[in-house]
Amino acid sequence: MTRGDDPKGGGDWRTTFRPDIPSPARIYDYLLGGKDNYPADRQAGDEIASYLPNIREACRWNRAFLRRAVTFLAGDAGIRQFVDIGAGLPATGHVHDVARQADLATRIVYVDNDPVVLTHGRNMLHGVPNTAILSHDLRLPAGILADHELRRLIDFSEPVAILLVAVLPFISDADDPAGIIKELLAPFPPGSYLALSHTTADGTPAVKEAAKVYDDATAQAHVRRRDAVLALVDGLDLVPPGLVWTPQWRPEAGAGMPPRPADSLCYALVARKP
């Protein structure tokens, strides 16, 4: 999820508040029109927008995919426990708000390693039953699965939904994202699900240049092609319509479809453990 080095010096951003170092979560918050960001994040977001003028709309499409995926998982699929890794900063349509519409007893664990995300998340979840936010790095899935608070809320004998929305681009090939997914799902029974979205340059080559902006952030970005994204879920069964652009994944009735779905810049899928 993150790099271990500090690109600017002055203390490890994971333990020292460093608003001078752009954060993917805060950049995303800025592009979504949020307020939990700093000048360095806004500068990075504006630079990304210089390469991708529609990036803000693409971020909204990605967020809308998350809401639709959770609605499907909590409704049609009957999932009653969710683990949202790389949860990011609070925004409209929180996973717990959407999932608990199906059943107020649904249990939700958020995971992130950005100190600002964790602080805001704890404030957001104060007094919300059956929820928690935990500090872990996606690159170390064993630590996530062993967390006592996660094990208090999540029943490993029941199906789970693992959410990896807009976070896998910050996992390098060297860190084996496909292996991470397998390890996360391994202890859970068949009928568990994975939902993910992933940035790609397949439809917009300028995504590669925009991704370089993250070289000076707390996490580098890794753009992947369609076949590489599909390889991440090898062995899982894709839920129809399969791997598509984010606006194309089970759009709501009457929802407008962009003339060029590739302008969403992200692939999306939901897959089931057989």
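Visitor: Which helices each supply at least two residues of the lining of the largest cavity?

Guide: α1 (24-31), α3 (55-74) and α9 (207-211) do. Helices here are DSSP runs (H or I, at least four residues), numbered from the N terminus. The model is predicted, so local features need pLDDT of at least 70 and side-chain atom pairs pLDDT 80 or more, while totals for chains, interfaces and linings use all residues. Residues are numbered from 1 along each chain, and side-chain values use heavy atoms, without hydrogens and water.

Visitor: What makes a space a cavity, and what is the volume of the largest cavity?

Guide: On a 1 Å grid over the protein atoms alone, a cavity is a set of points where a 1.4 Å probe fits but cannot get out; lining residues have an atom within 4 Å of a point. Points are joined across faces, edges and corners, and a volume is the space filled by probe spheres set on them. The largest cavity holds about 690 Å³. Among its 41 lining residues, P24, Y28, A166, F170 and Y214 are the closest to its centre. α3 gives the largest share of the lining, six residues.

Visitor: Why is α1 called roughly perpendicular to α3?

Guide: Their axes, lines fitted to C-alpha atoms over the stretch in contact, come within 9 Å and cross at roughly 105°. Angles run from 0 to 180 degrees between N-to-C directions, and 65 to 115 counts as roughly perpendicular. Therefore α1 is roughly perpendicular to α3.

Visitor: Which residues make that contact?

Guide: Y28, Y30 and L31 of α1 meet I55, R56, C59, N62 and R63 of α3. Contact means heavy atoms within 4.5 Å.

How values were computed
1 Å grid on protein atoms, 1.4 Å probe; cavity = no way out; pocket = protein on both sides within 12 Å on 5 of 7 lines; lining within 4 Å. Parallel < 35°, antiparallel > 145°, perpendicular 65-115°, else oblique.
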